[in-house]
Amino acid sequence: MLNKPDCPSQTEGCPSNTELEALLIGDVSAAAFDQMEAHIEQCPSCQQNLDSIGYVPDPMFASIRKMLGSAAAVLDLGLGADETVVQLNEHVTLGDFRIVRELGRGGMGVVY
């Protein structure tokens, strides 16, 4: 799983940037994850490289956003189940529906 380095600052045996990005989005096997995790814990160069990668878009979430279309606006609000509905008082719509108020909340989420 550990390929040749992408940049000269990496040493032989370090994961490539592509492999590190796959690690960040969870797109590696459990064995590869364990191997890379053990290596990164001992390799300052890989730790620095991992920190410098930043945000990696997950292709699965990109596909979901595309399928949701305008409903993805709710995802962009970044509301969690423990946050208040005050932020939704603007006219947020899901297709033909307008979110007006929170009806209830529980361990599985919030109903509007």
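**Entry 1: α2 and α3.** I began with α2 and helix α3 (residues 44-53), which pack at about 105° with their axes 5 Å apart. My axes are lines fitted to C-alpha atoms, for helices over the stretch in contact, and angles run from 0 to 180 degrees between N-to-C directions. α2 and α3 are therefore roughly perpendicular to each other; angles of 65 to 115 degrees count as that, while under 35 is roughly parallel, over 145 roughly antiparallel and the rest oblique. From α2, the residues His39, Ile40, Glu41 and Gln42 meet Pro44, Cys46, Gln47 and Leu50 in α3, where contact means heavy atoms within 4.5 Å. I sorted the residues of this α2 with α3 contact by class and noted 4 nonpolar, 3 polar and 1 charged. For the classes, Ala, Val, Leu, Ile, Met, Phe, Trp, Tyr, Cys and Pro count as nonpolar, Asp, Glu, Lys and Arg as charged, and the others, Gly among them, as polar.

**Entry 2: ground rules.** A reminder to myself: this is a predicted model, in which local features need pLDDT of at least 70 and side-chain atom pairs count only at pLDDT 80 or more, while totals for chains, interfaces and linings use all residues. Residues are numbered from 1 along each chain as its sequence is written, and side-chain values use heavy atoms, with hydrogens and water left out.

**Entry 3: α1 and α2.** Next I took helix α1 (residues 17-24) against helix α2 (residues 30-42): the angle is about 110° and the axes are 11 Å apart. α1 and α2 are therefore roughly perpendicular to each other. Their crossing is left-handed, meaning that the near helix is turned anticlockwise from the far one by less than a right angle; clockwise would be right-handed. Glu19, Leu20 and Leu23 of α1 make the contact with Phe33, Met36 and Ile40 of α2. The residues of this α1 with α2 contact come out as 5 nonpolar, no polar and 1 charged.

**Entry 4: α1 and α3.** How do the axes of α1 and α3 cross, and within what distance do they come? I found roughly 65° and within 10 Å. That makes α1 roughly perpendicular to α3. The crossing of α1 and α3 is right-handed. On the α1 side I listed Asn17, Leu20, Glu21 and Leu24, and on the α3 side Asn49, Leu50 and Ile53. The residues of the α1 with α3 contact divide into 4 nonpolar, 2 polar and 1 charged.

**Entry 5: the whole chain.** Stepping back, I counted 5 helices and 4 strands in the protein chain, taken as DSSP runs numbered from the N terminus (helices H or I, at least four residues; strands E, at least two). Along the sequence the pattern reads α-α-α-α-α-β-β-β-β. Of the 112 residues, 22% count as buried; buried is under 20% relative accessible area, exposed over 50% and partly exposed in between, with a 1.4 Å probe and protein chains only.

Entry 6: Gly104 is found in strand β3 (residues 104-106) and is partly exposed, at 24% relative accessible area. Setting aside neighbours within four places in sequence, Gly104 is in contact with Gly109, Val110 and Val111. Leu103 lies in the loop between β2 (97-98) and β3, and at 55% relative accessibility Leu103 counts as exposed. With neighbours within four places in sequence left aside again, Leu103 is in contact with Val111 and Tyr112.
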